[in-house]
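Open the model in your viewer and keep the sequence panel beside it. Each stop below says what to select and what is found there.

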Amino acid sequence: MSYHTVIHWFRRDLRLKDNPALAAAAKQSGVVVPVYVLSNWKGHHGWTGTIRQTFLCGCLESLSKNLDAINSRLILRSGRAVEALRKLIAETGAEAVFFNRDYDPFGREVERELAALCSELGIGCHGFKDRVMHDPEEVKTGSDTVYRVYTPYSRNWLSMDKEVPVATPKSLGQPPSADRCASMDLPTVAHWGLPECAAAIPAPGERAARARMRDFVEGDRLIEYAQKRNIPAGETTSRLGQDLRFGLIGIRELFARCQERAQDGRLNGASRKSVETFIKELAWREFYMAILFHYPEVFEAEFNPEWRGMPWPGTEEHFQAWAEGKTGFPIVDAGMRQLLATGFMHNRVRMIVSMFLTKDLHCHWRLGESHFMQHLVDGENASNNGGWQWSGGTGADAAPYFRIQNPWTQTKNYDPDGEYIRTWVPELKGLPGSAFLAPPKDGKPIAQGYPAPIVDHGTERQRTLAIFAKHRGERGG
């Protein structure tokens, strides 16, 4: 099938390279009209904030320049996506809309509305797989049921044939003129009524993301990933989360580059294992997307029905101390302050602070889930929800409720010298790492201006066990 004019609706695929919907649109038409539709909420949003919206603005500026370079132009609209697309279809005479599919319930509902619109107008509606190597419907058990546990899911995922990157379009045809098809100016965070971003976030845009991908895959971090990925100090992980979140790099290209590196004959067994370990993290990402796709209720309730309705008696005072990095637990405070300062937190520390909020402070995992989404530059709702439910003991592949991480032991295991802690908690800069491995024996702060621990871990561990056991008993478990 071929068309004269089509629309490519950019969503979480803000790039030109390895973009399946864009490549197909260019191949099947003479003119592709690229559009991005900005959300129009104002002031506050439970799932995003200044940090990620600032990054998005930079990505849109980069995308606009990249389209200009091939004699196209990005059209920006604002409001409900389907209403904006209806107007653009009328203005351009588009005969089809091309887009890459989403997997959360909100994105899927918009896609259903778009399909209905295109059917009403008698035009084509073409969705493509892009954010994942395998759609949620592709990875099923032998009896065609949904995986609820990661390990068997990952075995199947790893065994499946992988698609290769798609070609980059050299031209999208002559775009409609500004007189015929107007565009908003490139946005700033003021569009959402947000304050300017003070965090030190990564450079936005496709070019910067591709440089990060190259540095990771071709450098030492990929081949040392298995050995160092749990160490929060320094650069030990890929730092590609925001690039996958906004689609600045294609998952097919990232996978292919990792596979190519693994086949380098100069690598030893440990280095190849590191590449395999990283690839399994890509499978984790898709596992959580599949969970959200098949069980969209996880946004509102515990994945494991056994724990629905269980009380979470945490206090607002304790939640605020956690959010501000003022709990008196150095590893927790370092992670929370890193988040506020950079929009990023090391994954091991994300687990520590999440389990601390839910198991030591007894705050509902949804409070932490929202806080992370408001501050993480790489905030991905499926992975974030999955991680929080894992930490809270309520989700798919959940840590059993009686497995409760000890922040002091975690510090000993992953930051024994205190390098990470001292980086983010300046009150503790002059102290040795040994000062962070156990609570102060006298109950007093370990440094001037730094709080004493707000709870006793051992006491709160027993309280958590009692809360879970009581709820299970009341349900007859």
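Select alanine 21 and display its surroundings. Leaving out residues up to four places away in sequence, alanine 21 touches His8, Phe98, Phe99, Asn100 and Phe128, where contact means heavy atoms within 4.5 Å. Alanine 21 sits in helix 1; helices (H or I, at least four residues) and strands (E, at least two) are DSSP runs, numbered from the N terminus. Its relative accessible area is 0%, so alanine 21 is buried. Buried means under 20% relative accessible area, exposed over 50%, and partly exposed in between, with a 1.4 Å probe and protein chains only.

The model is predicted: local features need pLDDT of at least 70 and side-chain atom pairs count only at pLDDT 80 or more, while totals for chains, interfaces and linings use all residues. Residues are numbered from 1 along each chain as its sequence is written, and side-chain values use heavy atoms, with hydrogens and water left out.

Step back to the loop between strand 1 and helix 1, and select aspartate 18 there. Aspartate 18 is not a glycine, yet its phi is positive, about 50°. Aspartate 18 counts as buried because its relative accessibility is 2%.

Arginine 12 is in the loop between strand 1 (3-10) and helix 1 (20-27). Is arginine 12 buried or exposed? Its relative accessibility is 18%, so arginine 12 counts as buried. Show side chains and find glutamate 380: a polar contact of 3.1 Å joins it to arginine 12. A polar contact is a pair of N or O atoms within 3.5 Å; within protein, one must be able to donate a hydrogen and the other to accept it, and residues adjacent in sequence count only if both atoms are side-chain atoms. Beyond four places in sequence, arginine 12 touches Asp102, Asp104, Asp130, Arg131, Arg245, Phe246, Gly247, Glu380 and Asn381.

For another positive phi in a residue other than glycine, select aspartate 144, where the angle is near 65°. Aspartate 144 lies in the loop between strand 5 (124-128) and helix 5 (150-159). At 55% relative accessibility, aspartate 144 counts as exposed.

Go on to serine 274, in helix 11. Serine 274 has 0% relative accessibility and therefore counts as buried. Setting aside neighbours within four places in sequence, serine 274 is in contact with Leu222, Ile223, Glu224, Tyr225, Ala226 and Gln227.

Next, colour helix 14, residues 347-360. Its 14 residues, at 1.5 Å a residue, should span 20 Å, and the end C-alpha atoms are 19 Å apart, which agrees. The expected span is 1.5 Å times one less than the number of residues. Histidine 362, which follows helix 14, has a positive phi near 60°.

Colour helix 15 (residues 365-375) as well: 8 of its 11 residues are buried. Those buried residues are Trp365, Gly368, Glu369, His371, Phe372, Met373, Gln374 and His375. What do the buried residues of helix 15 pack against? They pack against helix 2 (50-69), helix 12 (316-324), helix 13 (330-342), helix 14 and helix 16.

A search of the whole structure finds 6 cavities of 30 Å³ or more. On a 1 Å grid over the protein atoms alone, a cavity is a set of points where a 1.4 Å probe fits but cannot get out, and lining residues have an atom within 4 Å of a point. Grid points are joined across faces, edges and corners, and a volume is the space filled by probe spheres set on the points. The largest cavity holds about 80 Å³. To see its lining, select Tyr288, Ile291, Leu292, Val298, Phe303, Ala382, Asn385, Gly386, Gln389, Gly395 and Ala396. Helix 11 (269-294) and helix 16 (381-392) each supply at least two of the lining residues, and helix 16 gives the largest share, 4 residues.

Finish at aspartate 417, in the loop between helix 17 (407-414) and helix 18 (419-424). With 58% relative accessibility, aspartate 417 counts as exposed. Not counting residues up to four places away in sequence, aspartate 417 touches Arg422 and Gly433.

Notes. 1 Å grid on protein atoms, 1.4 Å probe; cavity = no way out; pocket = protein on both sides within 12 Å on 5 of 7 lines; lining within 4 Å.
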